[in-house]
Amino acid sequence: MKKTVSIVLLAGLAVAVLAGMFAFRWYSDNKRPNFSREAVVYIYPGTGADEAFNAIADSAGVLRPNSLKRAFADKKVDEYIQPGRYVIKPSSSSVYVARMLNNGWQTPTRLVLSGTMRRKGDIARKIGNQMLVDSAEVAAALNDDVLLAKYGFNSVNVFSLFIPDTYEMYWTASIEEILQKQKDAYDAFWTPENIAKAEKLGLTKEQVSIVASIVKGETNYEPEMPSVAGVYLNRLRIGMLLQADPTVAYCFDYEPNRILLRHLQVDSPYNTYKYAGLPPGPIAVPTKACLNAVLNPDPHNYLFFCANSDFSGTHKFASTLAEHNRNAREFQAALNRRNASR
């Protein structure tokens, strides 16, 4: 009898121990934090569970590797893993991370569109370097008139669609989602007030973008942008050729460091030395500052401007050709002196 009782007690103790072990393991895998530091992990299409495990273990400093392995196996991560940008936090449990990967619980990334974007390739590289979508796919989309028509644009005026800024998006966003994000920003910029300003100037939204892109090509100094915009708007108003060097540079894919007389002979609707009015489309992605400069130009009578002789990156403005020529000679003389001193 005593022997039977002992066996029952031992069996009960064994069951209790096993239950305790399973309970502790469950708690350890489901509730206990398992990482020593925060880390961002990118899971690309085709990444397997083992590769994901190693990436997470290395970058996030896994504290109990066996716990994470059990969670991966139990949740069948190798079968259900989703591409994405995932943030692993020290407070995360093993099971939470496994479920995160399986369900695609991404943390958004910041898509930064800034700087000079004068070519479609510039846009494609910026997006491709920050997002999962390949730059070649972006470049193809920027020339796809059928696709761009969904957003109200085409391959000629697509620069207008982009509003340089920082956008929060999922790293796995498709090119369609990226373009829609730009369309939303474009619509947000064109408030009734800004539309009214454009109409007062006698310009469409597209024409504002074209002028703004030329302003962008002339200066990066924001306080001067309204004055530069005013010059081109004045020329448009009186029917004068725009004679904008950046439009000629665009004809040569921005290869020339300086625009020479021979460049001015190019037969292109973008050559504003030959053709009156605005070119067919923007020559670069205009910034918000450039767009606002066109919508809020400085009220002046200037028709000309040239680089300042102090090499500050600013310009001297003139109302007459004679005054402009004096400013140009002054700049050239300063340039000659600087070159001679080198």
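The model is predicted: local features need pLDDT of at least 70, side-chain atom pairs count only at pLDDT 80 or more, and totals for chains, interfaces and linings use all residues. Residues are numbered from 1 along each chain as its sequence is written, and side-chain values use heavy atoms, with hydrogens and water left out. The protein chain contains 15 helices and six strands; helices (H or I, at least four residues) and strands (E, at least two) are DSSP runs, numbered from the N terminus.

**Overall form**

- The radius of gyration of the protein chain is 31 Å, whereas a compact globule of 342 residues would have a value near 20 Å. This radius is taken over C-alpha atoms, and the globule rule is 2.2 Å times the number of residues to the power 0.38.
- Along the principal axes, the C-alpha atoms fill a box of roughly 120 × 50 × 35 Å.
- Of the 342 residues, 43% count as buried. Buried means under 20% relative accessible area, exposed means over 50%, and partly exposed lies in between (1.4 Å probe, protein chains only).
- Contact means heavy atoms within 4.5 Å. Among contacts between residues at least 6 apart in sequence, 63% join residues at least 24 apart.

**Surface and charge**

- The accessible surface of the protein chain comes to about 18100 Å², and 53% of this surface belongs to carbon and sulfur atoms. Accessible areas come from the Shrake-Rupley method with a 1.4 Å probe; for residues, only the protein chains shown count as cover.
- There are 39 positive and 33 negative side chains, and the centres of the two sets lie 7 Å apart. Lys and Arg count as positive and Asp and Glu as negative, while His and the chain ends are not counted. Each charge is placed at NZ of Lys, CZ of Arg, CG of Asp or CD of Glu.

**Paired strands**

- In a regular strand the side chains alternate between the two faces of the sheet.
- Strand S1 (residues 39–43) has Ala39, Val41 and Ile43 on its covered face, and Val40 and Tyr42 on its uncovered one.
- S1 pairs with strand S2 (residues 84–88) in the antiparallel sense over five bridges; two strands pair if DSSP finds at least two bridges between them. In this pairing, Ala39 stands opposite Ile88.
- Strand S3 (residues 109–113) has Thr109, Leu111 and Leu113 on the covered face, with Arg110 and Val112 on the uncovered one.
- S3 and strand S4 (residues 165–169) are antiparallel partners over five bridges, and Thr109 stands opposite Met169 in S4.

**Helix H5**

- Seven of the ten residues of H5 are buried, including Ser94, Val97 and Leu101.
- Asn102 lies in H5 (residues 94–103) and counts as buried because its relative accessibility is 14%.
- Beyond neighbours within four places in sequence, Asn102 is in contact with Lys75, Lys76, Val77, Tyr80, Ile81 and Gln82.
- Gly104 follows H5 and has a positive phi, near 65 degrees.

**Two loop lysines**

- Lys89 lies in the loop between S2 and H5 and is partly exposed, with a relative accessible area of 43%.
- Not counting residues up to four places away in sequence, Lys89 touches Phe35 and Glu38.
- Lys150, in the loop between helix H8 (145–149) and S4, is exposed, with a relative accessible area of 63%.
- Lys150 and Gln180 are 30 residues apart in sequence, yet their C-alpha atoms are 9.2 Å apart in space.
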